[in-house]
Amino acid sequence: APWLLAAREPPGPWRALPLWAWLAAAAASGPRGLWRLRRVSRGLRAAVDEPTLWRALLARLGQLGGSVEPTLRFDTSWRLSAVRTLHRGGRAAVEDEVDFAAAAAAEPGRQLGRGQGGKEASGKQQQQQQQQATASDPIDLSRLLSGRRQLPPEAPRRRASPAWLREPRLLRGTPPVRSLERWALEGLLAAFAPHSFAVADQGAASAPLVRMSLLDFVAYARLQAGAAPALCVGGGAGACGAVVGCPLEAGQRGGEEANGAEEGPGKGRWADGEPLVLFERELPSELLADVAVPDAFAQDLLAEAAEAVAAQRESRGEGCGGGDGGGTEAAPLEVGVDLLNEREWLVVSPSRSGTRWHTDPYETSAWNGLLHGRKLWCLLPPSAALPPGVAIGASSTAAVGASLDAPAASEWFRQRLAPQDSPGDTSGTRHDSPLWIDQRPGDVVFVPRGWWHTTLALDTCVAFTQNMVLPADARATLQALDAEMFQARAAGALRRVLWERHED
C-alpha cells in the first residue's frame with residue numbers, strides 16, 4: 001500500500017479495515033513493511049509490538065484457510081512467524097533481511113539494510129539466553145510463603161478413607177508414572193516432536209481452538225522461560241521480594257515499558273503476557289500405558305465407567321477411539337466430547353503460565369502429577385464465595401460451574417505475593433484461608449470436589465492430570481451431567497457402574 005510505503009496515516013478505505021488486516025498487509029510486505037507500519041502512529045507501533053495480536057492473526061489465517069483447529073507454526077516469535085507465513089519471498093527472503101527486532105529497537109530513522117549483523121546478534125542472544133537459564137539460582141519459596149498456610153507433603157497410602165479424600169493432599173515419594181524420563185521435555189520431544197497437540201489461550205474466551213507441533217511448542221515455551229528468569233527470592237527488589245524479571249513480575253507490563261530498548265529471543269517483547277498452555281486430552285497410547293494411578297485414588301467411578309464403555313465398543317468391533325484418534329465412528333450418542341473422554345490430560349505449561357481460578361467441572365475431583373518443572377498452587381475451600389479478585393461471568397451454568405472473570409495466573413500470584421499483601425492472607429478463619437502448595441517433580445496434588453484452585457508454572461512444567469468421581473460425590477456429578485444433553489452417555493455409564501456396585 002502506498003501509505004504504508006510512505007509511513008503515513010492510511011486513507012479512509014484503509015481505516016475501515018480491522019487491525020488484523022493491517023498487520024497481515026504489513027507482514028506480507030516483509031520486515032520493511034512492518035518497520036514502516038510501526039512508524040505511522042503510536043497505536044500501530046504498540047500493535048506491531050504486541051505478541052498476542054500476531055498469535056491471533058496466525059490463528060485467524062488458519063481459520064480462513066478452512067481449518068477448524070488451525071495448526072500454528074512458531075519460529076523465533078509470533079511476529080516473525082507471521083512474516084515468514086505471509087511474505088512472498090518465504091523464509092529465505094526474510095532471513096536475508098536484517099533482523100527486524102534489532103532494527104525496531106534502534107533510533108528512529110535508522111535505515112534498514114543488509115549486512116548489519118542481525119542474524120549474528122540473534123544467535124548471540126540465544127546463547128546468552130541458554131547461559132542465563134543454566135546459571136539461574138535455585139528456586140526458594142520459603143521467604144515468599146513464610147507465614148502463609150501451606151500444605152505439607154505426605155507419603156502415598158494404599159487405602160484412602162472418604163474423610164481423607166475430603167481435604168487437599170500433597171503426595172510425595174511415588175511418581176504417578178513409571179518413567180519420569182519419558183515425560184520430561186527431552187523424552188517427549190524424542191518420541192513426539194512432530195505430533196500435533198491442542199493448546200489453550202485462557203486470555204480470550206472467543207479464541208479459536210489451535211494446535212501446535214510439540215517441537216514448535218517447546219521452542220515457544222523455552223522462549224517464555226528465557227524472557228523471565230526462574231523465580232528467585234535470594235535478593236533484589238522486585239515484586240514479591242524476588243529479583244526483577246521473575247515469573248511473578250514479567251509479562252505484566254506491556255509494550256516498551258516491559259521491554260526497554262533491548263529486543264530479541266528471550267527478551268520481554270517476544271514473550272506473551274499470558275503464555276499458551278498445551279492441554280491435550282487425546283494422548284498417545286504409549287504415554288497412557290506409562291501412567292500408574294496412585295493407590296489412594298483407585299476408587300474412581302469415572303475411570304470404571306470409561307473402561308466399561310471402551311470395552312463395550314471394542315466388543316462390538318468399533319474400536320476404543322483412544323488417545324491415538326483411532327477407531328471407527330460410533331453410534332450418535334457416542335460421538336463427540338463428553339466427560340468420559342475429557343478426563344485425562346497432558347499439560348505442558350511454559351514459565352509464567354498457569355490455570356486461572358476455577359473449580360473442576362461436573363462436581364468432579366482431580367489429581368495432578370507433576371513430571372517435570374516446578375509449580376505453585378493456591379487453593380480455597382468450597383465455603384469461599386469467590387477467590388479474591390475474581391467475579392462471576394455472564395455465561396455461568398449449573399453443570400460446568402461458574403464462568404469466571406479471573407485475572408491471569410501470573411498477575412494474581414504477583415499481586416497476592418507482593419510484600420504489601422498480608423503475609424498470612426487470613427481474612428477469615430484459619431481453615432478458610434488460602435492454602436499454598438509447592439509442587440515438585442514426582443509430587444501428586446489432589447483437589448477435592450468444589451475446591452477453588454489456581455496454579456503458576458515457575459519454569460516449563462509437564463504434568464498429567466485426571467478428573468475422577470468418588471463414590472460420595474456420584475449423586476452430585478450425575479445431577480450436573482443430567483443438566484447437559486451431550487453428557488447423556490457419561491451419565492448413563494456412571495449410573496451403570498453404580499448399579500453394578502449396588503448389586504455386588
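These legends accompany several close-up views of a predicted protein model. Residues are numbered from 1 along each chain as its sequence is written, and side-chain values use heavy atoms, with hydrogens and water left out. Because this is a predicted model, local features need pLDDT of at least 70 and side-chain atom pairs count only at pLDDT 80 or more, while totals for chains, interfaces and linings use all residues.

**View 1. Confidence along the chain.** Let us start with pLDDT, the predictor's confidence in each residue, from 0 to 100. The protein averages 76, and 67% of the residues score at least 70. Helices (H or I, at least four residues) and strands (E, at least two) are DSSP runs, numbered from the N terminus.

**View 2. Two stretches to read with care.** Over residues 232-268 pLDDT stays under 50, and the model has 92 contacts (heavy atoms within 4.5 Å) beyond four places in sequence for this stretch. Residues 92-98 also stay under 50, with 14 such contacts. Where pLDDT is low, the predicted coordinates should not be read in detail.

**View 3. The salt bridge of E274 and R356.** A salt bridge here is a side-chain nitrogen of Lys or Arg within 4 Å of a carboxyl oxygen of Asp or Glu. The closest N and O atoms of E274 and R356 are 2.5 Å apart. This pair links distant parts of the chain, 82 residues apart: E274 sits in the loop between α15 and β5 (277-280), and R356 in the loop between β6 (344-349) and β7 (365-372). Buried means under 20% relative accessible area, exposed over 50%, and partly exposed in between (1.4 Å probe, protein chains only). E274 has 13% relative accessibility and so counts as buried; R356, at 19%, is buried too.

**View 4. A bridge between two helices.** E304 and R501 form a salt bridge with their closest N and O atoms 2.8 Å apart.

**View 5. D438 meets R374.** These side chains join in a salt bridge of 2.6 Å, N to O. D438 belongs to strand β11 (residues 435-439), whereas R374 lies in the loop between β7 and β8 (375-380), 64 residues apart. D438 and R374 are both buried.

**View 6. A network of four.** Salt bridges link R166, E363, R449 and D473 in a network. The whole structure holds 22 salt bridges.
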